[in-house]
Amino acid sequence: MKRTFERVTTRRRFAQGLVAGGVLAGAGAWLPRRAVQAASVTDVSTLRGPMIDLTVAAHEVNFTGVTRTATLANGTLPGPILRWREGDDITLRVRNALRVDTAIHWHGVLTPANRDGVPGLSFHGIAPGESYDYRFLARQSGTYWYHAHADFQEQTGAYGAIVIEPREPEPFEYDREHVVLLSDWTDRDPLDLYLLLKRHSDYFNHNRRTLGDFVRDSRSEGFGDALHDRFAWARMRMSPTDLADVGGHAYTYLVNGKTPARNWTALFAPGERVRLRIINGSSMTTFDVRIPGLAMTVVAADGQHVRPVEVDEFRIAAAEVLDVLVEPRGADAFTLFAQSLDRSGYARATLAVRDGLEAAVPALDPPILLSMADMGHAGHGMPAAEPSSDEHAERGDSAAPAAEHAGHGDVSAPAPAHADHESHAATDHSVHAMEPQAHPPTETHNPAVDMQSATPMPRLADPGVGLRENGRRVLAYADLHSTFADPDGRAPGRTIELHLTGHMDRFLWSFDGVPFSSAEPLVLEYGERVRFVLVNDTMMEHPIHLHGMWSDLEDEHGEFLVRKHTISIPPGTKRSFRVTADALGRWAFHCHLLYHMTAGMFREVRVEEGATPPSAEHEHQHVHAPEPESAEPVHAHSQHAHD
């Protein structure tokens with residue numbers, strides 16, 4: 001018997017999500033009761049060693065006072081933490097206890113193509129009642145995560161953390177560690193939610209401007225300027241408050257599967273240094289994370305060590321990972337506060353000396369208003385510059401004294417965030433010279449493209465909208481520097497430029513205006529070094545993930561900055577990264593916002609021996625003409641597993 005999902009999310013129901021939540025024994029909302037199994041109500045477990053068994057099955061959960069179906073690994077949300085050691089031969093056996101196909105992707109973990117977990121590209125998927133052995137050599141260490149790569153199973157709970165222990169000592173020390181996995185849960189059927197966005201893409205934009213806002217803006221900015229701004233947004237059929245497709249009116253935000261009221265707690269002892277492995281395992285949410293009263297030293301990004309940098313806050317896009325060190329002192333409890341980008345809700349946890357303690361929970365920051373400059377339209381001025389070092393000094397921001405970290409390895413003197421952002425902001429303008437951006441011909445007169453950035457810039461020193469000059473030291477990509485030099489060392493032999501495109505009103509998403517269903521694969525020659533340039537021609541931020549290979553982010557001068565597996569591209573930006581095509585096979589390349597990927601922002605990358613790449617230094621890929629729009633999800637990443 002299929003259970004109907006609730007179609008309306010009220011504030012009362014949202015509040016209920018703050019006082020309830022958990023995994024129950026029982027059945028699935030869209031499956032017969034005989035098709036589901038009992039679920040565990042215990043905390044998330046840790047599975048260790050080179051051989052690990054996972055079972056994916058349907059279970060009931062209740063986070064808001066309403067019972068719904070989840071897709072869980074080993075009966076918990078999130079799934080168990082998987083720990084193995086660098087250099088080991090790993091076997092992950094996944095059994096499918098669902099009534100539909102499933103697949104698990106090991107995000108950021110280097111595997112052979114047939115162990116990557118993308119049906120239709122990597123393998124055929126795992127049919128109901130069957131098992132699949134993912135076998136590979138652990139060639140790296142660090143913090144990563146896993147998630148379903150089939151239909152909407154990631155949204156319904158099939159995800160968990162991975163910790164790969166290093167063979168060699170790390171360049172920092174700590175006394176204890178905790179995994180902090182952020183995620184978003186919806187009581188709605190994810191397919192219904194997707195179709196709702198296709199019909200009303202701004203359905204969850206509850207911060208739209210009103211007549212009262214226009215009156216206030218007219219008084220502060222002048223009537224003409226306020227009216228001009230309204231007309232500019234109206235011509236684009238966009239709203240400056242539309243920062244997230246889905247927010248807290250549909251989502252309950254979780255920390256390790258706990259709602260804010262259930263308050264997941266990480267313990268510490270006074271005087272300890274604690275490592276927090278923070279993973280954004282959400283489907284559609286960007287979080288701004290801080291621990292009021294406690295500085296964080298970032299020591300790794302996407303599993304790879306970076307030069308330590310001390311911050312008060314950071315933005316973490318879907319699928320990104322940051323490892324931070326904290327030294328709680330002066331209080332028995334601290335709140336870890338993760339608010340959504342659109343300021344519609346938050347996840348929270350507590351660091352405490354014992355269970356049951358709480359600290360004050362901050363109020364949500366005011367809603368964010370995008371400017372034309374944020375969209376890459378230089379005629380309206382560039383976004384506000386970062387605070388200078390003098391402004392930081394006035395607020396008392398400075399690097400932590402070395403004595404505070406004595407005896408703890410190489411992180412004794414982390415650099416403060418934004419220490420060199422003033423120079424970064426300056427080079428943004430000089431290097432790119434504000435030249436008008438060229439666009440691929442497939443964007444021209446394309447009904448699936450509603451915007452083009454006129455003068456996109458890297459803006460690596462910009463912490464992002466809503467975080468500029470907020471009185472806190474906020475991490476930006478310019479602060480992240482790998483502790484190692486460019487591992488490849490070669491200059492890229494060619495450049496592939498791709499534009500992130502879409503139509504907000506119709507909820508269409510693509511690369512170069514061409515959805516996955518109409519796009520040719522990107523072909524790389526095995527062993528070549530390629531520069532990818534991504535230009536965001538939309539008003540949404542897109543975290544872009546290339547499977548199977550590292551993405552080495554470049555600075556504004558084209559120099560190696562930091563190694564990542566997921567690179568976030570804000571509106572109006574143009575960012576580049578290098579890829580060494582060292583993994584043969586067919587790989588997924590996509591936006592990691594689940595509904596954007598489903599709607600078409602997905603490409604196949606093929607790495608082939610003897611491939612003949614185009615000789616042009618700067619190229620756009622050849623593509624078929626776009627197909628007519630369909631209201632049905634493509635699921636190119638998950639369906640037709642046996643094609």
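This report describes charged pairs, nonpolar cores and aromatic rings in one predicted model.

Residues are numbered from 1 along each chain as its sequence is written, and side-chain values use heavy atoms, with hydrogens and water left out. Because the model is predicted, local features need pLDDT of at least 70 and side-chain atom pairs count only at pLDDT 80 or more, while totals for chains, interfaces and linings use all residues.

**Salt bridges**

The whole structure holds 36 salt bridges (a side-chain nitrogen of Lys or Arg within 4 Å of a carboxyl oxygen of Asp or Glu).

Arginine 275 belongs to strand β14 (residues 274-280) and glutamate 170 to the loop between β10 (159-165) and β11 (176-186), so their bridge ties together parts that are 105 residues apart in sequence. Strands here are DSSP runs (E, at least two residues), numbered from the N terminus. Arginine 275 and glutamate 170 are both buried (under 20% relative accessible area; exposed is over 50% and partly exposed in between, with a 1.4 Å probe and protein chains only).

Arginine 459 is buried at a relative accessible area of 8%, and aspartate 462 is buried at 15%. In the remaining pair, arginine 606 is partly exposed at 28%, whereas glutamate 604 is buried at 6%. Through shared partners, salt bridges also join Arg48, Arg83, Glu165, Glu170, Glu177, Arg275, Arg277 and Asp323 into one network.

**A buried arginine without a bridge**

Arginine 603, in strand β33 (residues 602-608), is buried yet has no salt bridge. Its nearest side chain of opposite charge is aspartate 512, 4.7 Å away (Lys and Arg count as positive, Asp and Glu as negative; His and the chain ends are not counted). A polar atom of the arginine 603 side chain lies 3.2 Å from the backbone oxygen of phenylalanine 511.

**Nonpolar cores and rings**

The largest nonpolar core has 92 residues, and those with the most contacts inside it are Leu182, Leu276, Phe532 and Phe589. Such a core is a set of buried Ala, Val, Leu, Ile, Met, Phe, Trp, Tyr and Cys residues joined through side-chain atoms within 4.5 Å. Apart from it lies another core of 29 residues, including Leu54, Trp106, Ile126 and Tyr144.

Ring pairs link Trp106, Phe123, Tyr132, Tyr134 and Tyr146 into a cluster. Rings of Phe, Tyr and Trp (its six-membered ring) pair if their centres lie within 6.5 Å; planes under 30 degrees apart count as stacked, over 60 as edge-to-face and the rest as tilted. Phenylalanine 123 and tyrosine 132 are both buried.

How values were computed:
Helices (H or I, at least four residues) and strands (E, at least two) are DSSP runs, numbered from the N terminus. A polar contact is a pair of N or O atoms within 3.5 Å; within protein, one must be able to donate a hydrogen and the other to accept it, and residues adjacent in sequence count only if both atoms are side-chain atoms.
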